[in-house]
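I opened this notebook to record what I looked up in the structure. The entries follow in the order in which I made them.

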Amino acid sequence: DGSAWVRLGGQDHGFKGTLFQSNLPKDTYKNLGISTVKQSDGSSTNSTQTGLIIPEDGIYGVRVFIDVNLTASNITRARCRVTVNGAEVHRTTVDADDVIALGTHLDVKAGDVVTTYYHWSGTGTTAVVESGELLVYRASTPRWI
């Protein structure tokens, strides 16, 4: 009858990757590299391996975990921000911690690029991501009116 189809079953989109960066200078936002662990059909990273390309319209859940090589006492403040096509859509700030985690949901379209950035202030010159994880999954495909 011309109305939208409703997905009744099957599998949805998901992506799991590790985040990496060996040069995180203090007082500067730096994008994190993405290495694919597993992915659904259509998921991919951009040519610089710093952005995840969204395969299909929908609301996506995003989980980011980053642990850097500095001790918590070396970091006065750390920030993690998530952008979509270069525009900031979420940011989390922690004080005096070398671990940062965030979770959010994004309303995105196919082809949008999601990028994660890290920023820190404190003592030292550079930091390194010791472990990092990016988990992105399509949570919903609403029938907007």
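I looked up the exposure of Q49 and found a relative accessibility of 41%, so Q49 counts as partly exposed (buried is under 20% relative accessible area, exposed over 50%, and partly exposed in between, with a 1.4 Å probe and protein chains only). Q49 lies in the loop between strand 5 (44-45) and strand 6 (51-53); strands are DSSP runs of E with at least two residues, numbered from the N terminus. I noted that Q49, which is not a glycine, has a positive phi near 60 degrees.

I recorded that this is a predicted model, in which local features need pLDDT of at least 70, side-chain atom pairs count only at pLDDT 80 or more, and totals for chains, interfaces and linings use all residues. Residues are numbered from 1 along each chain as its sequence is written, and side-chain values use heavy atoms, with hydrogens and water left out.

I then turned to D27, a residue other than glycine with a positive phi of about 65 degrees. Most residues other than glycine have a negative phi. D27 is found in the loop between strand 2 (24-25) and strand 3 (30-31). Its relative accessibility is 48%, and D27 therefore counts as partly exposed.

Terms used. Helices (H or I, at least four residues) and strands (E, at least two) are DSSP runs, numbered from the N terminus.
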